[in-house]
Amino acid sequence: MATINLSKGGFTRRVANIELSPNDWKFLGNRPALIDFHAKWCGPCKRLSPIIDELAEDFNGKVDVYKVNVDDEPELASSFRVISIPTIVLVKDGKVTASAVGY
């Protein structure tokens, strides 16, 4: 399975409804999710992108892999306190269990 680019609407359906409860959101996924917060102009994000795509293939059916463009979806980035990109977030068992910033 390839990575899925998420808009706010897709995020609300697949990951969490941050409009309903922005500070105490409930994870909607059935399996862990890896979320890559990135921007098209970001050099480190461009270098990381093929690695994220490879992870999506390697963990197909085990982990849902999403990409969120922070320029298009600043509210989503803000809800995860993304202040630098790339930022990778792992959501498991309904909560953020790990995150990493940078390439």
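Which residue forms a salt bridge with Lys67? Asp53 does, and the closest N and O atoms of the two are 3.0 Å apart. Let's look at that pair along with the rest of the model.

## Before we start

What you see is a predicted model, where local features need pLDDT of at least 70 and side-chain atom pairs count only at pLDDT 80 or more, while totals for chains, interfaces and linings use all residues. Residues are numbered from 1 along each chain as its sequence is written, and side-chain values use heavy atoms, with hydrogens and water left out.

A few names will keep coming up. Helices (H or I, at least four residues) and strands (E, at least two) are DSSP runs, numbered from the N terminus. Buried means under 20% relative accessible area, exposed means over 50%, and partly exposed is in between (1.4 Å probe, protein chains only).

## The salt bridges

Side chains of opposite charge can pair when their charged atoms come close. Here a salt bridge is a side-chain nitrogen of Lys or Arg within 4 Å of a carboxyl oxygen of Asp or Glu. The structure has 3 of them.

Back to the opening pair: Lys67 and Asp53 form a salt bridge. Lys67 sits in strand E3 and Asp53 in helix H2 (residues 43–58), so this pair ties together parts 14 residues apart in sequence. Lys67 is buried, at 7% relative accessible area, whereas Asp53 is partly exposed at 30%.

Next come Asp64 and Arg31, whose side chains meet at 2.8 Å, N to O. Asp64 belongs to strand E3 (residues 64–69) and Arg31 to the loop between H1 and strand E2 (33–38), so parts 33 residues apart in sequence get tied together. Asp64 counts as buried, with 10% relative accessibility, and Arg31 as partly exposed, with 32%.

Then there's Lys8 with Glu75, a salt bridge of 2.7 Å, N to O. This one links distant parts of the chain: Lys8 is in helix H1 (residues 8–14) and Glu75 in helix H3, 67 residues apart. Glu75 is partly exposed, at 41% relative accessibility.

## The disulfide

A disulfide is a covalent bond between the sulfur atoms of two cysteines. The cut-off used here is a pair of cysteine sulfur atoms within 2.5 Å.

The link between Cys42 and Cys45 is right-handed, with 75° about the S-S bond. Cys42 is buried at 4% relative accessible area, and Cys45 is buried at 4% as well.

## The sheet

Two strands pair if DSSP finds at least two bridges between them. In this model, 5 strands make an open sheet with mixed pairing, in the order E1-E3-E2-E4-E5. Strand E1 (4–5) and strand E5 (95–101) are the edge strands, each pairing on one side only.

E2 and E4 pair in the antiparallel sense over 5 bridges.

## A loop with two backbone details

Now find the loop between helix H3 (74–79) and strand E4 (87–92), which is where Pro86 is placed. Is the peptide bond from Ile85 to Pro86 cis or trans? It is cis, with omega near 0°.

Arg81 is in the loop between H3 and E4 too. Its phi is near 55°, a positive value in a residue other than glycine. Arg81 also counts as exposed, with 71% relative accessibility.
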